[in-house]
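The following exercises are to be worked with the sequence and the three-dimensional structure in view. Each task is followed by a solution in steps.

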Amino acid sequence: MSGAIALRVPSVSKEPAHGLLARTATRLRLTPATLAADLGLEISALARGEGLDRFATAIGIDAVTLSRSTASRGSRPGQLTLMGETLGRGDLSVSPRRRCPRCLAEDRSAARAGGLAERYAAWHRPWWDATMVLSCPIHRSLLVGACDACGEQVDWRSPSVDVCRCGAPLWLEHDGGSLRCDGDAYLLARLEGGAREAVPLLDALTLARAAAVMGRLGQCGLGFATSRPTVAAADLVGLTADGFHTALTVETSFPSVLDDVVAGAGGDAVGLMASYGWTYRSWLAPPGGDHSGGILRDALLRHAAGRGIIATDELQASENAVTLGEASDMLGMGHERTRRIATRAGLVPTGSRRGVNFAIDRDAAQELARRLGSLVDGRTAAMLLGIGRSQFRSLVAVGFVAPDEEAGRLGSGALYDVERLVAWVASLAVGVPDLSRTPASCLPLPTACRNFSVSLIDVCHAISSGTLTPIGVRGEKGRLTSIVVSCREMKALRDPDPLTVGGVARSLTIHPEAASALVRAGLLGPAGTVTDQGLVDFTSANATPRDLAGEFGTSPRSVVARLRRAEIAPKLSPPAFRQLFYDRTTARAALLVDLPSAGRS
């Protein structure tokens with residue numbers, strides 16, 4: 001789908017991008033999955049903010065406005081930010097598509113009262129995707145992901161936000177439920193910036209950790225047990241509410257809860273595990289188990305010391321020290337990885353055992369966090385340079401970019417210093433001018449490599465040896481995309497012989513494995529060979545989705561989706577040929593029906 005969408009729906013405050021896409025699709029009488037494919041988007045990616053600008057342009061809305069209620073990349077790899085709160089990738093899920101049936105019913109009722117169309121009035125709340133929120137505090141009912149009629153999980157192929165694929169309504173015209181949702185109400189208030197009580201124990205934690213602390217505090221209130229109780233979702237909502245109220249007055253409430261736990265263990269219990277059961281063994285003893293950053297663990301130890309379960313001086317850390325869990329928070333890593341790095345850095349005391357608390361020097365932990373915080377992984381480094389991960393791996397393989405030696409020594413994996421990456425890019429553009437715009441017949445370096453089928457490695461070698469000189473630098477410095485090169489000089493670097501597998505791949509802009517398959521099949525000349533006429537004949541008769549996308553001004557994904565709806569099957573396809581090839585004449589005819597103006601322009 002090219003250009004702006006003509007039929008639109010009015011936006012709703014706090015509606016995420018993928019929710020607006022779903023309502024727009026309903027108005028266009030498409031499924032959200034179909035509309036996303038037509039726009040060259042993926043719903044799961046759009047829910048993380050990827051492709052937001054493209055979608056905003058298509059529906060004619062300000063991207064900044066839409067981004068306020070849509071998740072985006074966080075400051076660290078694997079992190080997301082939603083409405084000002086930090087989430088992990090696992091904390092946000094759009095499958096299944098959860099909803100509050102009563103919220104959907106209210107949307108329809110409001111549209112009916114206002115004389116608006118009910119068909120696309122229901123809208124998707126962003127907090128329905130937050131996995132730690134289990135209920136709707138407004139209607140005191142569980143969030144559900146399955147259809148009551150067919151029992152299937154609701155996905156993004158249904159005709160609207162409030163109708164299942166089977167045609168059954170997903171709304172519920174009843175009064176609210178009876179769940180105690182105080183914990184989820186706290187989480188929702190943080191997301192939406194609503195008025196709420198200050199809870200020092202929880203306010204400094206991420207939403208996921210706050211939810212975990214509330215849930216475990218509530219389960220702890222059930223009394224002594226050797227293993228953590230297994231409860232249904234509806235019961236967990238109520239226990240999370242109990243945990244919220246314990247967290248509100250943790251200094252007095254938590255010791256009272258622990259009194260009941262110890263009483264349930266019996267008078268003959270000896271030691272922490274026997275006295276506190278799973279509360280200590282599975283929750284507060286393991287490194288990282290205490291999501292409160294050590295506050296609840298310290299409270300339990302004080303409780304145990306006060307009741308003679310342990311000696312008063314046992315397991316006390318020095319004043320300028322942190323626990324392994326706190327060090328893990330500083331480094332932004334898992335506890336096993338933190339322990340491994342801290343051990344190699346000499347911060348873990350000799351002879352320390354797992355499950356037994358030990359002190360780590362706070363200053364040393366902070367210095368380690370500062371050093372590792374300036375490093376990024378390969379995926380992030382590739383993104384910062386403006387290139388793909390495979391291209392980045394090639395740069396590492398030939399030595400243009402090297403992993404940080406200290407990170408390797410600490411066993412932190414292959415990490416890269418951002419300052420060194422920026423300095424290397426700057427070394428490729430020494431003495432070239434800053435450009436206010438890209439001159440004619442010039443392109444950014446990665447784009448030029450792709451368009452002229454020249455490897456990034458070859459171009460970097462050419463620049464380093466003086467064979468090729470960049471025209472200038474434009475845009476954000478430190479990225480390879482900021483380096484502008486001449487198309488004429490790039491063309492001179494290209495392999496002039498097209499009658500090889502590599503030459504065929506470059507000529508047709510396809511993968512070398514696909515080119516090799518074409519040669520083996522005898523589609524470019526006699527079997528196992530390539531001829532000029534065979535190459536011309538094949539190009540005239542066949543086209544890849546990328547070829548057709550360039551001709552019709554859309555994306556390859558959209559081309560495939562449109563041809564599939566038109567029941568046009570590929571002429572050649574994986575696994576035999578690795579890529580899709582369509583009969584050019586047939587495919588063009590089908591796309592001209594769907595995109596007539598683009599095909600004739």
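**Exercise 1. The protein as a whole**

What percentage of the 601 residues in the protein is buried? State also the box and the secondary structure.

Solution. The model is predicted, so local features need pLDDT of at least 70 and side-chain atom pairs count only at pLDDT 80 or more, while totals for chains, interfaces and linings use all residues. Residues are numbered from 1 along each chain as its sequence is written, and side-chain values use heavy atoms, with hydrogens and water left out.

Step 1. Buried residues make up 45% of the 601 residues; buried means under 20% relative accessible area, exposed over 50%, and partly exposed in between, with a 1.4 Å probe and protein chains only.

Step 2. Taken along the principal axes, the C-alpha atoms fill a box of roughly 95 × 65 × 50 Å.

Step 3. There are 31 helices and 14 strands, which are DSSP runs numbered from the N terminus (helices: H or I, at least four residues; strands: E, at least two).

**Exercise 2. The largest pocket**

Describe the volume and the lining of the largest pocket.

Solution. Step 1. The volume is about 770 Å³. On a 1 Å grid over the protein atoms alone, a pocket is an open set of points where a 1.4 Å probe fits, with protein on both sides within 12 Å along at least five of seven lines. Grid points are joined across faces, edges and corners, and the volume is the space filled by probe spheres set on the points.

Step 1. The lining holds 28 residues, and nearest the centre lie Gln 391, Cys 449, Arg 450, Ser 453 and Val 454; a lining residue has an atom within 4 Å of a point.

Step 2. Two or more lining residues come from each of helices H19 (389-398), H22 (445-451), H23 (456-465) and H25 (501-508). H22 gives the largest share, four residues.

Step 3. By class, the lining has 10 nonpolar, 12 polar and six charged residues. Here Ala, Val, Leu, Ile, Met, Phe, Trp, Tyr, Cys and Pro count as nonpolar, Asp, Glu, Lys and Arg as charged, and the others, Gly among them, as polar.

**Exercise 3. The second largest pocket**

Which element gives the largest share of the lining of the second largest pocket?

Solution. Step 1. This pocket has a volume of about 580 Å³ and is lined by 23 residues, with Gln 79, Thr 206, Arg 209, Asp 329 and Gly 332 nearest its centre.

Step 1. At least two lining residues each come from strand S3 (85-88) and helices H8 (200-203), H9 (207-220) and H15 (324-331). The largest share, three residues, belongs to S3.
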